[in-house]
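Subject: A structure for you to look at

Hi,

Here is the structure I promised to pass on to you. Please open it first, and then read my notes below with the model beside you.

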Amino acid sequence: MAYSEKLLDHFKNPKNVGTLDKNKKSVGTGLVGAPECGDVMRLQIEVSEEGVIEDAKFKTFGCGSAIASSSLATEWLKGKSLDEAGSIDNMDIVEELALPPVKIHCSVLAEDAIKMAIKDYREKNGK
Amino acid sequence: MLSLHCICLFKLNLNNEERYMDNNLIYFDNNATTPCDPRVVDAMLPWFYQNPGNAASRSHAFGWKAEEAVDYAREQVANLISVESKEIIFTSGATEADNLAIKGVFEMYSRKGNHIITLKTEHKAVLDACDRVEKMGGEVTYLDVDREGLVNLEELENAITDKTVLVSVMWANNETGVIQPMKEIGEICARKGVLFFSDATQAVGKIPVNPKETGVHLIAFTAHKMYGPKGVGALFVNRKKPRVKVVAQMDGGGHERGMRSGTLNVPGIVGFGKAAEIAKQEMEADAKRLSVLRDKLEKALEERLEEVYVNGSRTNRMPHVTNISFKHVEGEGLMMTFNENIAVSSGSACTSASLEPSYVLVALGLGDDLAHSSIRFSLGRFTKDEEIDRAIDLVANGVTHMRDLSPIWEMYKEGVDLDSIQWEAH
């Protein structure tokens, strides 16, 4: 299948690949998917005292769409408040990357990873 | 006759450098389809325009000429597998030949029994035809294979009952290249008095296939896996000792002695014949050269990368194929790192419409994670030696890049036991 230019760009030049210290109080980590399903996404956010996402990193085991979805998600997360971040919808990712129907689950995974990272941060910080 | 100068317009003058598509793109997907050999294309061209006859037209020269060409091609094809030309039924491809064999035998021998035995690793054309047989009231046993991808002969023998009419075992697997012990299976079938069919699509034209010596009664194969054109295949049906019959699955004008109605694809059949003739002469040398290249590719990747697994038997295997899992890297993502340079295929779910990884690799006992991480490299007659060196670099770099992106690779390197993690399966 042919992928969109945007998707290919995120795949070839993924933004924000890396690892944040998951033990830091200011870091929230979301780990979703499973190796036997063919995709695992780890998305991390670092949140300022004011509640703004200052940094976001990801690592993803998966297909091109999964990698592009997580790269895009980290870009969108930076500078957002937790509430704004929590409202990112998987369909926004589908639209931006022009994901074909068979790849929609990659965007769902990204949304789940965002929500899980926010939840992890909130639980750590009692917010 | 149509004027000759027209043909010149169609004459292809392909030299070796223009052979396929884009010269920078390495084609390692010869198990999906092979490029049509330029010699085959040249043989086919006169049969589109200069000689347009229907091989079934008995009343004029156009028809006679076409029929002659088909007869000659039938000899060439039969000769490749050392059978009589009368034992070859031309079809539209291997899928149709598989269907004709399985459904045709099931219907023909319904008085004797209704049971078919096959393997879990067969091609979908066989498995889905067997599924149809079950819907028609038949019973099908799907045998497991071992870690090497090989059938257990004792299990196979024990599965045969007095209701068994057919054993269907593919000669060589399309995904792994694993070759089944055909002669031993043939002996079991002869001893038990059941028919033996083989989908030999991946084997014919690449390794010696001799159904008479092997005890195989029906064989399906196709031109486009042996450097011939797409859209033409054949079913070999043994005529003597035993005389095997199938019920036709296509009704119509009674072509192919009533076994397969439909106007013959004359240019395709001529090309199939030429491809068979070339294969007979060249397959030994091709196999020798390609196995050296395949082994070089495999060895270099194993040396340069950690956690590399070759799937299936390494001894009973087609000379031009390797199926490799690169642990903690997903196959489709990996392919995307090099698919501007190399064409391969993957057993990852992401390359199929379903979300399941390759059922063939799962049947070998690979975990789903390793099946998702698999890449099939299938070399071919037109593979150049230097392409192997380029491919080694591209693949090794791709795997390293994808592992840098992979959270489970990071965990593995940190010594985390991945089985201890509560994954969120979805």
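**What I found**

Between domain 1 and domain 2 of chain B, the count of salt bridges is 0. Please keep in mind that this is a predicted model.

Let me start with those two domains. In the domain assignment of chain B, domain 1 covers 42-277 and domain 2 covers 283-413. Their C-alpha centres lie 30 Å apart. In terms of contact, 28 residues of domain 1 of chain B meet 24 residues of domain 2 of chain B. The two domains of chain B bury about 2200 Å² between them, and 59% of that area is on carbon and sulfur atoms. Sorted by class, the side of domain 1 of chain B that touches domain 2 of chain B has 11 nonpolar, 9 polar and 8 charged residues. Although the salt bridge count here is 0, there are 10 residue pairs in polar contact between these domains, both residues being at pLDDT 80 or more.

Next, the two chains. How many salt bridges are there between chain B and chain A? The count is 4. One that you can look up is between the side chains of A:R42 and B:E410, at 2.8 Å from N to O. The count of residue pairs in polar contact between chain B and chain A is 11, again with both at pLDDT 80 or more. On the side of chain B that touches chain A, at least two residues each are supplied by α10 (331-338), α12 (368-372), α13 (385-405) and α14 (407-413) of chain B. By class, that side of chain B has 13 nonpolar, 8 polar and 8 charged residues.

As for the extent of this interface, 29 residues of chain B are in contact with 31 residues of chain A. The size of an interface is often given as the accessible area lost when the parts come together. For chain B and chain A, the buried area is about 2500 Å², with 68% of it on carbon and sulfur atoms.

Now some backbone details in chain B. Where does B:P242 lie? You will find B:P242 in the loop between β8 (233-237) and α9 (266-304) of chain B. The peptide bond that joins B:K241 and B:P242 is cis, with omega at about -5°. B:E256 also has its place in the loop between β8 and α9 of chain B. Its phi is near 50°, a positive value in a residue other than glycine. Is B:E256 buried or exposed? B:E256 counts as buried because its relative accessibility is 7%, and the cut-off for buried is under 20%. Further along, B:E307 is in the loop between α9 and β9 (308-310) of chain B. B:E307 is not a glycine either, yet its phi is positive, at about 50°.

Last, have a look at B:S374, which sits in strand β13 (residues 374-378) of chain B. With 0% relative accessibility, B:S374 counts as buried. A polar atom of the B:S374 side chain lies 3.0 Å from the backbone oxygen of B:A371. Leaving out residues up to four places away in sequence, B:S374 touches several residues, among them B:N311, B:N323, B:I324, B:S345 and B:L361.

Best wishes

Notes:
Residues are numbered from 1 along each chain as its sequence is written. Chains are lettered from A and ligands numbered from 1 in the order in which they are written. This is a predicted model: local features need pLDDT of at least 70, side-chain atom pairs count only at pLDDT 80 or more; totals for chains, interfaces and linings use all residues. Side-chain values use heavy atoms; hydrogens and water are left out. Domain bounds come from an automatic or database domain assignment. Contact means heavy atoms within 4.5 Å. Buried area is the accessible area (1.4 Å probe) that two parts lose on being put together, summed over both. A polar contact is a pair of N or O atoms within 3.5 Å; within protein, one must be able to donate a hydrogen and the other to accept it, and residues adjacent in sequence count only if both atoms are side-chain atoms. Ala, Val, Leu, Ile, Met, Phe, Trp, Tyr, Cys and Pro count as nonpolar, Asp, Glu, Lys and Arg as charged, and the others, Gly among them, as polar. Helices (H or I, at least four residues) and strands (E, at least two) are DSSP runs, numbered from the N terminus. Buried means under 20% relative accessible area, exposed over 50%, partly exposed in between (1.4 Å probe, protein chains only).
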